[in-house]
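Me: I would like a close look at one residue and at what surrounds it. Please go on from there to the rest of the chain.

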Amino acid sequence: MSRFFYNSIPIEMAITSSRIGIALLLLLCSIQQLNAQNALVIPPVLNGPQFNLTVQSGTTAFYPNTTTPTYGVNGNLLAPTLIMHTGDQVNISLQNTLNVSTTMHWHGLHVSPMNDGGPHSIIQPGATWNPQFQVMNAAGTFWYHPHGAGQTDPQVSKGLAGMIIVHDAAELALPIPHTYGVDDVPVIIQSKAFDVLQQIAIATEEDTALMVNGTIHPYYNAPSQVLRLRLLNGSSMRVYNIGFSNNKVFYQIATDAGLRDSTLQLTRLRLAPGERSEVLIDLSGMNGQSLQLIAYNAELPNGFYGAAQVGYGTDTIMDYPHNFLNGQNFELLNFQIGAATSGAVYTIPTALVPLTPFTTTGVTNYRSMVLDTLRTLAAIVPTASMGPFGINQHTYDMDTINFVTTKNAKEIWTIYNKTLVAHPFHIHGMHFFLLERSGQAVPKQEQGKKDVVLVYPNDSVKFITQWLDFADDEMPYMYHCHMLHHEDDGMMGQFIVQNAIGIQQLPVSSTTLNFTLSPNPASNKITLSSKSSVNEMLELKLFDWMGQLKWSKLVQANQLPLTIPVENQANGIYLLQVNNQGATQLLKFTIQNK
Ligand code: C2O
Ligand code: CU
Ligand code: CU
C-alpha cells in the first residue's frame with residue numbers, strides 16, 4: 001500500500017519561527033481590535049443527492065493585507081455545507097486538484113468501509129473519487145475532512161473541513177429553527193498556528209489564531225429570536241468550554257450524531273476536537289443588543305488542551321505555556337442582534353425525538369482500549385507524558401488489522417486513559433452510547449448518540465455500539481484519538497467487520513444426509529434424528545448465527561436419536577452442522593427459553 005509524503009515545516013524550525021510569529025500575531029491582533037470585526041462567513045450550501053466537489057489550493061487573507069496559501073473544497077478555504085436527507089442515495093464526485101494525495105472522510109455518517117474515506121482510500125493528484133451511499137443516519141450535524149495516514153493535521157489545518165447537515169422528517173417537523181445561515185447557523189470553531197511568513201504552521205502548540213468558519217474576530221447579524229447553532233470543534237488540538245456572555249442559558253438539542261430526546265438547559269458545554277453539538281439560544285427581546293459566544297477555558301482543568309497546564313509537568317521543550325490562549329477565557333463569536341425575521345421561532349421545545357440506545361442484552365464482544373505513552377519511548381524520554389501516544393501500546397500501521405469483528409456484533413468498549421492529558425476517542429462505522437464515565441452515570445450532555453468521547457486524564461469511559469449493516473473483508477474502519485497531531489503520530493487502529501459465516505460460508509449441505517431437529521424452536525434440549533440409516537461417527541458442530549463455533553463433539557451413529565442440551569445457550573438462531581462419511585448437512589434452529 002502506498003503512503004504519500006507531504007512537505008511540512010520541520011518541528012524545530014516551526015518552534016523557533018513561531019515564537020516570533022506569536023509576537024507578530026499579538027501585534028496583528030491588537031491592530032485587528034481597532035478595526036471592525038469581520039462578518040462571519042457562512043459556508044455556501046450544496047444540496048444533494050449529487051455532490052460535485054473539487055479539492056483545491058488557493059489563498060486566504062486571514063488578516064488585512066496578508067495572503068496565506070490554503071486548501072479548500074470548491075473554494076479557497078473550508079468547504080461547502082452538504083445538505084442531505086435521510087434515505088437519500090448520495091453520489092459524490094470528489095476531484096483532487098492538489099499536487100499531493102488526499103482522502104475524504106464523512107465523519108459520523110454510517111457508511112460502508114469502502115465509502116468511509118479512511119487512510120486506504122487515497123485520491124492521487126488529478127484523480128476523482130466517487131463514493132456512493134445511502135444516508136442511513138437520522139438528522140444531525142456531521143462533517144467531512146481528509147484522513148490520510150500522517151496527513152490529517154496538515155490538510156485539515158490548511159483548510160480542508162466542511163459541515164454535513166442531515167435532515168429527516170421528524171426533525172423538519174420540530175418547532176426549531178431550520179433556515180440555514182439565518183436562524184440555523186453553522187459554527188465551525190478552529191484555531192490555527194501561523195509562522196512569520198503568515199503560512200499555516202503545523203505547530204500544534206502555537207494555535208493562537210482563533211476563527212469561526214475561517215473568519216477571525218467574527219460577528220454575526222443575528223435576528224432577535226431563537227437561534228440554532230451547529231457547533232463543531234474542527235480544531236486540531238484545542239478543547240473549548242463553551243458558554244455565552246453573562247452566563248446566559250442555552251439549550252442542547254443534539255449530541256454528535258443526532259438529536260436528543262429532550263432539550264437540556266446548560267450554561268457550559270465542553271467540546272473536544274471532532275465533537276458536535278446543536279444548541280438553541282433565545283435572543284428574543286434583545287434587538288439592538290449583543291451577545292458573545294465565549295470559550296470559558298480558564299475553567300478547564302489541567303490536562304485538557306486549552307487549559308493553563310496540559311499535564312506535561314515542567315515543560316521547557318514545548319511552547320505550550322507561552323500560548324496566550326491557554327488557560328484564558330476568550331470570545332469566539334459576537335452576535336449583533338437586530339430585527340426578527342418573519343416566521344421566527346420564539347419558544348424552546350421540551351420534547352425532541354425518541355431515542356433508542358443500544359441495550360446491553362446480547363452483547364457479544366468486550367474490548368478494552370488503553371491510551372498510553374509508548375513504553376519503548378518512555379524508556380528514553382523521561383517526561384514521556386507528552387507522547388507519542390499509542391492505543392494498547394500500538395501505533396497505526398496501514399498493513400496491520402488490529403482486530404476483526406462480525407457484522408451485527410454488539411460490543412462494549414472501555415477506554416482507559418493512562419496519560420496525563422485528555423484524548424477525544426473516535427470510532428468510524430457507527431455511533432455509540434456512553435454507559436459510564438469515570439465508573440459513574442453518564443453526564444446528561446453526553447446522553448445521546450456520540451461518535452467522539454473525551455477521555456479525561458487517568459480516567460475511563462465505557463460505551464456500547466453495534467456493527468450494523470456493513471461488512472467488508474478487506475477495507476477497515478478506523479478508531480483513533482481526534483487530537484489530529486496524536487492521530488497523525490499513530491494514535492489510531494483499524495478493524496475489519498466480517499460477514500457472519502452463516503449458511504453462505506459453511507460447507508454446502510449434501511443431499512445424501514437426512515437429519516432432522518425437533519422441536520424447533522427449542523427451549524432446553526433439541527433432538528437430532530435421521531430419516532435414513534446412518535453408519536460410523538457423526539461430527540456435530542454448533543454455530544451461533546454469527547458463525548461463532550459454540551461447541552463440537554463426536555458421537556456414534558447408534559446413539560441416534562440424540563438429545564442435545566441447549567439450556568446454556570442464549571436465545572437466538574443457531575446452525576447445527578452434521579458431518580457424516582464425508583457429507584455435511586446444516587440444520588437451522590431457534591433457541592427460545594429465556
Ligand atoms: Cu473525524 Cu477518523 O475522523
Ligand atoms: Cu470519523
Ligand atoms: Cu490524543
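What is the relative accessibility of V455, and does V455 count as buried or exposed?

Reply: V455 counts as buried, at 0% relative accessibility. Buried means under 20% relative accessible area and exposed over 50%, with partly exposed in between (1.4 Å probe, protein chains only). This is a predicted model, in which local features need pLDDT of at least 70 and side-chain atom pairs pLDDT 80 or more, while totals for chains, interfaces and linings use all residues. Residues are numbered from 1 along each chain as its sequence is written, chains are lettered from A and ligands numbered from 1 in the order written, and side-chain values use heavy atoms, without hydrogens or water.

V455 sits in strand β30 (residues 452-455); helices (H or I, at least four residues) and strands (E, at least two) are DSSP runs numbered from the N terminus. Beyond four places in sequence, V455 is in contact (heavy atoms within 4.5 Å) with L371, I415, N417, V421, A422, H423, F425, R437, S460 and V461. F304 lies 151 residues from V455 in sequence, with 9.9 Å between the two C-alpha atoms.

Through ND1, H423 coordinates the copper ion (ligand 3), together with C481 (SG) and H486 (ND1), at 2.0 to 2.2 Å. Donors are N, O and S atoms within 2.8 Å of the metal (3.2 Å for Na, K and Ca), and sites may look incomplete, since water is not among the atoms. The spacing of these donor residues in sequence is H-x57-C-x4-H. C481 and H486 are buried.

The copper ion (ligand 2) has H105 (NE2) and H426 (NE2) as protein donors, at 1.9 to 2.0 Å. These two come from distant parts of the chain, 321 residues apart: H105 is in strand β7 (residues 105-107) and H426 in strand β28 (residues 423-427). H105 is buried, with a relative accessible area of 1%, and H426 is buried as well, at 1%.

Strands β24 (residues 365-373) and β27 (residues 410-417) run parallel and are joined by seven bridges; strands pair if DSSP finds at least two bridges between them. Y366 faces I412 in β27. Both strands belong to an open sheet of five, in the order β25-β24-β27-β31-β29, with mixed pairing. β25 (389-391) and β29 (433-437) each have a single partner strand, so one side of each lacks a neighbour in the sheet.

Elsewhere, strands β12 (residues 184-194) and β14 pair antiparallel over four bridges, with K192 the bridge partner of A209 in β14. From β14 (residues 209-212), A209 and M211 point one way, L210 and V212 the other, and all are buried.

Overall, the protein has six helices and 40 strands. Of its 594 residues, 58% count as buried. Among contacts with a separation of 6 or more, 74% join residues 24 or more positions apart.
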